[in-house]
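Please look over the structure below before reading on. The report then takes its parts in turn.

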Amino acid sequence: MEEKKGKLFLCATPIGNLEDITLRVLNTLKEVDLIAAEDTRHSIKLLNHFDIKTPMTSYHEYNKVEKAKYLVEKMEQGVNVALITDAGTPGISDPGEELVKQCYEAGIELTSLPGPAACITALTISGLGTRRFCFEAFLPSDKKEKQWILEELKNETRTMILYEAPHRLVRTLSELYEALGNRRITVCRELTKRFETAFRTTFEEALRAYEEETPKGECVIVIEGRSIQEIKEDRSKAFEEISIEDHMARYESQGIDHKDAMRMVAKDRGISKREVYQYLIKNEL
């Protein structure tokens, strides 16, 4: 008879206020055979607070590949494993992603126990649009990769969410301001804790404020996306520099038929297809 495999439980833990832990997570942490923690020294405080005696093992960025193999082997032997991060939901901007991947490859069952996530907590109190958003986590340290991402974000229309450490906050705000221009932002700090703040401001105002006050606590930056109307206007302005006949010729030279080229020119320039048609008739093109 084949031995029953264990299961992976992704357990969200508080991002500050310990009362945010769920009953389901508490029960799971007590019932599993092993807890894989990003920093066992940090997590032992959580376990002690709730009188959880389950053994722990470290699972972090620097051992994530090899340790994931070890944990998968344990689960294949029937061991149930709970994965926790220092704070928040495992797998979001942390090494849990690798363990999940290896579990799928090995056919290990897994589930996620929902709970705190700093990115969502910040978004909901930001006062910015919540219907469409994207999460960028920490900007990369590599300069070329960071520049590539900043260029990509310039025309992002969704609300953007980033993480940053307090000692790098001013530098990151400066880089974002230079790349994106002055936008409405909300800087959230110390989420769910006693001194929680949501500073609704702009890049310019925030940079002025932090000249006088040194930011403290882990930060989440929520940034308004670029207006779709503004993007359309910029696109139209760019095409105003060439004539409609040259614009038509660009598309037709690609093998696009006349009617489709008219439609595409109209869309590029923010005018109606009829206006393009009338221009062409008037100029006998």
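## Model

This is a predicted model.

## The parallel sheet

An open sheet is built from 5 strands, in the order β3-β2-β4-β1-β5. The pairing is parallel. Two strands stand at the edges: β3 (56–58) and β5 (109–113). Each has a single partner strand, so one side of each is left without a neighbour in the sheet. From one strand to the next, the twist averages 25°.

Strand β1 covers residues 7–11 and runs parallel to β5, joined to it by 5 bridges. Across this pair, Lys-7 stands opposite Glu-109 of β5.

## Helices on the sheet

Helix α2 (residues 40–49) packs on the sheet. Its contacts there are with β2 (34–37), β3 and β4 (81–84). The direction of α2 makes about 155° with that of β3.

Helix α4 (residues 96–106) packs on the sheet too, touching β1, β4 and β5. The direction of α4 makes about 155° with that of β1.

## The largest nonpolar core

In soluble globular proteins, nonpolar side chains tend to be buried together. Here the largest nonpolar core holds 21 residues. Within this core, Leu-173, Leu-176, Leu-180 and Ile-223 touch the most other members. Six elements are listed as giving two or more residues to the core: α6 (143–153), β7 (159–164), α7, β8 (184–189), α8 (203–212) and β10 (219–223). Helix α7 gives the most, with 5 residues.

Leaving aside residues up to four places away in sequence, Leu-173 touches Ile-185, Phe-203, Ala-206, Leu-207, Tyr-210 and Ile-221.

## Thr-172

Thr-172 sits in helix α7, which spans residues 169–180. Is Thr-172 buried or exposed? Its relative accessibility is 3%, so Thr-172 counts as buried; the cut-off for buried is under 20%.

Its contacts come next. Not counting residues up to four places away in sequence, Thr-172 touches Leu-139, Glu-164 and Ile-221. Ile-221 is also on the contact list of Leu-173.

## The cavity

How many cavities of 30 Å³ or more does the structure hold? It holds 1. The largest cavity has about 40 Å³ of space. Its lining is made up of Glu-38, Tyr-59, Leu-83, Ile-84, Thr-85, Pro-90, Asp-94, Pro-95 and Gly-96.

Key: Residues are numbered from 1 along each chain as its sequence is written. This is a predicted model: local features need pLDDT of at least 70, side-chain atom pairs count only at pLDDT 80 or more; totals for chains, interfaces and linings use all residues. Side-chain values use heavy atoms; hydrogens and water are left out. Helices (H or I, at least four residues) and strands (E, at least two) are DSSP runs, numbered from the N terminus. Buried means under 20% relative accessible area, exposed over 50%, partly exposed in between (1.4 Å probe, protein chains only). Contact means heavy atoms within 4.5 Å. A nonpolar core is a set of buried Ala, Val, Leu, Ile, Met, Phe, Trp, Tyr and Cys residues joined through side-chain atoms within 4.5 Å. Two strands pair if DSSP finds at least two bridges between them. Axes are lines fitted to C-alpha atoms, for helices over the stretch in contact, and angles run from 0 to 180 degrees between N-to-C directions. On a 1 Å grid over the protein atoms alone, a cavity is a set of points where a 1.4 Å probe fits but cannot get out, and a pocket is an open set with protein on both sides within 12 Å along at least five of seven lines; lining residues have an atom within 4 Å of a point. Grid points are joined across faces, edges and corners, and a volume is the space filled by probe spheres set on the points.
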